[in-house]
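We will go through it together, one topic at a time.

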Amino acid sequence: MKRFYTLILIFAVTSVLAQPMKYGAEPLHIASKKVWNKQVRPAVMSFFQNEVYGKVPPVQPKVSFRLIGEGEAFGGKVWRREVEMTIGTSKALVLMYLPSERKGRVPAFVGMNFKGNHQIATDPEITISPNAPKGKELGSDPERGAAASRWPVEMICGAGYAVVTLYRGDIDPDFDDGFRNGIHPHFYAEGQTKPHADEWGTIGAWAWSLSRVMDYLEQDKDIDHKKVAVVGHSRLGKTALWAGAQDERFAIVISNDSGCGGAALSMRKHGETVEAINRNFPHWFCDNYNRYSGNEEALWIDQQGLIALIAPRPVYVASASLDDWADPEGEYLSALYASPVYELYGKRGLSTTTQPKIGEMDADGWVAYHLRKGAHDITAWDWERYIRFADRHFGR
Ligand code: GCU
């Protein structure tokens with residue numbers, strides 16, 4: 001009998017020890033790289049998969065790519081290429097701009113856009129997605145180039161990079177319709193009508209599609225697919241972080257003003273809260289994420305865990321000074337709290353321990369941060385810094 005109780009005790013103690021500790025919103029001081037890789041990282045990944053963004057369902061539709069056109073743009077300085085991506089019966093248009101004067105393969109920035117590929121530049125040849133919002137005056141394409149300030153194509157291509165983008169609405173329109181439109185239905189098992197509580201929402205699907213674009217880029221003879229940075233602003237910054245966390249083929253990950261559910265720490269409850277994001281955007285995360293609405297303390301780990309999943313690949317977190325809703329300090333702290341994981345790999349994280357001032361940056365290590373002056377946006381000022389960061393890490 002005594003032996004029986006001893007065995008029970010040993011079992012209880014070992015199962016408690018086997019439970020990874022709860023992290024909350026704190027610096028991730030992990031005992032060793034081995035402990036991180038073997039125990040903590042898989043647990044963090046599974047937390048974000050099951051509780052936050054949701055898992056990609058096991059049923060997978062066929063994905064294929066087809067070149068639909070190419071030609072000169074921007075007065076010949078840039079080469080446009082358009083590729084149609086078919087996912088089940090859904091179609092998404094991938095727009096690429098490459099530097100015309102390129103010698104061999106070029107590195108690339110890949111990210112989704114908000115309102116359609118045709119809004120990123122005035123280029124009249126960009127194919128307008130049937131899913132994109134229509135211009136007000138039929139035939140005059142008034143929306144072409146409306147988001148050009150967010151996509152300084154000439155500057156990026158001038159620095160020797162390709163720009164690769166697709167419209168979020170081609171993958172999943174950004175409203176709650178119970179997942180009837182977009183790509184989700186192609187992943188339903190027989191009889192399934194919506195994702196399970198631990199299966200992906202819209203951000204998960206957007207992130208998955210960025211990995212499919214990466215599949216294409218691996219085949220494109222003009223792209224150096226070992227040098228692809230994934231980038232996104234705001235909800236698409238959340239998407240870039242989640243894509244980069246899961247897919248190690250993204251060599252650099254850039255989060256621009258991603259805020260709640262992105263880089264910002266949720267437990268600070270500063271600006272947008274988990275309750276607000278789940279109420280206003282019930283389709284973004286998996287259903288399990290509702291457990292944390294008004295209950296952020298229950299999160300097993302905060303968003304610094306998401307950034308740490310990217311280690312040891314370089315990550316850049318950026319904020320804007322007037323963007324209180326996205327909690328700039330919370331975005332900075334996440335980057336700071338993920339930094340010890342980078343150090344396990346011998347890579348320097350952030351150098352500062354207090355948030356850089358407006359217009360300043362901490363971008364010499366593998367984890368970078370800046371606070372731009374101004375509103376919630378992605379601007380040429382941000383891009384200049386991303387290019388510099390990529391140049392350094394890509395040895396250019
Ligand atoms: C809203 C939302 C944010 C999101 C932002 C955006 O403000 O609350 O979470 O990041 O939209 O995508 O611009």
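A word on the ground rules comes before that. This is a predicted model, in which local features need pLDDT of at least 70 and side-chain atom pairs count only at pLDDT 80 or more, while totals for chains, interfaces and linings use all residues. Residues are numbered from 1 along each chain as its sequence is written, and side-chain values use heavy atoms, with hydrogens and water left out.

Let us begin with the helices. Helices and strands here are DSSP runs numbered from the N terminus (H or I of at least four residues for helices, E of at least two for strands). Take helix α5, residues 202-219, and helix α6, residues 235-246: their axes lie 8 Å apart and the helices pack at an angle of about 60°. The axes are lines fitted to C-alpha atoms, for helices over the stretch in contact, and angles run from 0 to 180 degrees between N-to-C directions. The pair is therefore oblique; under 35 degrees would count as roughly parallel, over 145 as roughly antiparallel, 65 to 115 as roughly perpendicular, and the rest is oblique. The crossing of α5 past α6 is right-handed, a label used if the near helix is turned clockwise from the far one by less than a right angle, with anticlockwise giving left-handed.

Which residues of α5 and α6 make the contact? On the α5 side they are I203, G204, W206, A207 and L210, and on the α6 side R235, L236, K238, T239, W242, A243 and Q246, where contact means heavy atoms within 4.5 Å. These residues divide into seven nonpolar, three polar and two charged. In this scheme Ala, Val, Leu, Ile, Met, Phe, Trp, Tyr, Cys and Pro are nonpolar, Asp, Glu, Lys and Arg are charged, and the others, Gly among them, are polar.

Helix α6 also meets α2, residues 33-52, with axes that come within 12 Å and cross at roughly 140°. That makes α2 oblique to α6 as well, though α2 passes α6 in a left-handed crossing. Here R41, M45, F48 and Q49 of α2 touch W242, A245 and Q246 of α6, a set of four nonpolar, two polar and one charged residue.

Now look inside. Rolling a probe the size of a water molecule over the atoms shows where empty space is left. The structure holds two cavities of 30 Å³ or more. A cavity is a set of points, on a 1 Å grid over the protein atoms alone, where a 1.4 Å probe fits but cannot get out, and lining residues have an atom within 4 Å of a point. The largest has about 130 Å³ of space, and of its 16 lining residues, M112, N113, F114, R150 and W151 are the closest to its centre. Strand β6 (223-233) gives the most to this lining, with three residues. The second largest cavity has a volume of about 40 Å³, and its lining includes C260, H270 and D327.

Two backbone details remain. The peptide bond from A311 to P312 is cis, with omega near 0°, and P312 sits in the loop between α8 (304-308) and β8 (315-320). F74, in the loop between β1 (63-73) and β2 (78-87), has phi near 50°, a positive value in a residue other than glycine.

Note on methods: 1 Å grid on protein atoms, 1.4 Å probe; cavity = no way out; pocket = protein on both sides within 12 Å on 5 of 7 lines; lining within 4 Å. Points joined across faces, edges and corners; volume = space filled by probe spheres on them.
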